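I am opening a notebook on a structure that is new to me. The entries below record what I looked up, topic by topic.

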Amino acid sequence: MIQLGTRWLVGDEPPSRLPQPVIDAVYEVEGELAEQGVDAAEWSWTLTWLEGKPVVELDDETTVEYDPETDSAIVTAPEG
């Protein structure tokens, strides 16, 4: 089964079909951006599916991947 990706703006509700740890990680990243004073109002998240697992990427290349074995999210910050 092919799952289509989607995009949503920072601050909007993530797709409900995402695993809860990924949703929690998205909110955590958004909270950190707000704390740092980053103006991310125009930024979007992009959801793609790789081998049935969600991968969410922010416009600044922050990535959230899902590990179904541990039911956890892995956040990778952009280098630089």
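I start with a definition: a residue is buried under 20% relative accessible area, exposed over 50%, and partly exposed in between. I looked up Ile74 with this in hand: its relative accessibility is 38%, so Ile74 counts as partly exposed. I also note that the model is predicted.

Entry on strand β5. I placed Ile74 in strand β5.

Entry on helix α1 and its charges. I looked for charge on the surface and found a negative patch where Asp24, Glu28, Glu32 and Glu35 gather. I took Glu28 as my example and found it in helix α1, which covers residues 20-35. Is Glu28 buried or exposed? Its relative accessibility is 52%, and the cut-off for exposed is over 50%, so Glu28 counts as exposed. I also looked up Glu32 against Leu9: they are 23 residues apart in sequence and 16 Å apart in space, C-alpha to C-alpha.

Entry on strand β1. I found Leu9 in strand β1. Leu9 has a relative accessible area of 38%, so I list this residue as partly exposed.

Entry on the salt bridge. How many salt bridges does the count give? The count comes to 1. I looked up the pair and found Arg7 with Asp59, the closest N and O atoms being 3.7 Å apart. The pair links distant parts of the chain, 52 residues apart: Arg7 is in strand β1 (residues 6-9), and Asp59 is in the loop between β3 and β4. I noted a general point here: side chains of opposite charge can pair when their charged atoms come close. I checked the cover on both partners. Arg7 counts as exposed because its relative accessibility is 51%. Asp59 is partly exposed because its relative accessible area is 41%.

Entry on backbone angles. Most residues other than glycine have a negative phi, so I looked for exceptions. Glu51 has a positive phi, near 50°, and is a residue other than glycine. I placed Glu51 in the loop between β2 and β3. With a relative accessible area of 79%, Glu51 is exposed. Asp71 is not a glycine either, yet has a positive phi of about 50°. I placed Asp71 in the loop between β4 and β5 (72-76). Asp71 has a relative accessible area of 45%, so I list this residue as partly exposed.

Where is Gln36? I found Gln36 in the loop between α1 and β2. Gln36 counts as exposed because its relative accessibility is 58%. I ended with the distance to Glu57: Gln36 and Glu57 are 21 residues apart in sequence and 19 Å apart in space, C-alpha to C-alpha.

Methods. Residues are numbered from 1 along each chain as its sequence is written. This is a predicted model: local features need pLDDT of at least 70, side-chain atom pairs count only at pLDDT 80 or more; totals for chains, interfaces and linings use all residues. Side-chain values use heavy atoms; hydrogens and water are left out. Patches are made of residues with over 30% relative accessible area and no salt bridge: like charges are joined within 9 Å, nonpolar side chains (Val, Leu, Ile, Met, Phe, Trp, Tyr) within 5 Å. Accessible areas come from the Shrake-Rupley method with a 1.4 Å probe; for residues, only the protein chains shown count as cover. A salt bridge is a side-chain nitrogen of Lys or Arg within 4 Å of a carboxyl oxygen of Asp or Glu. Lys and Arg count as positive and Asp and Glu as negative; His and the chain ends are not counted. The place of a charge is taken as NZ of Lys, CZ of Arg, CG of Asp or CD of Glu. Helices (H or I, at least four residues) and strands (E, at least two) are DSSP runs, numbered from the N terminus. Buried means under 20% relative accessible area, exposed over 50%, partly exposed in between (1.4 Å probe, protein chains only).
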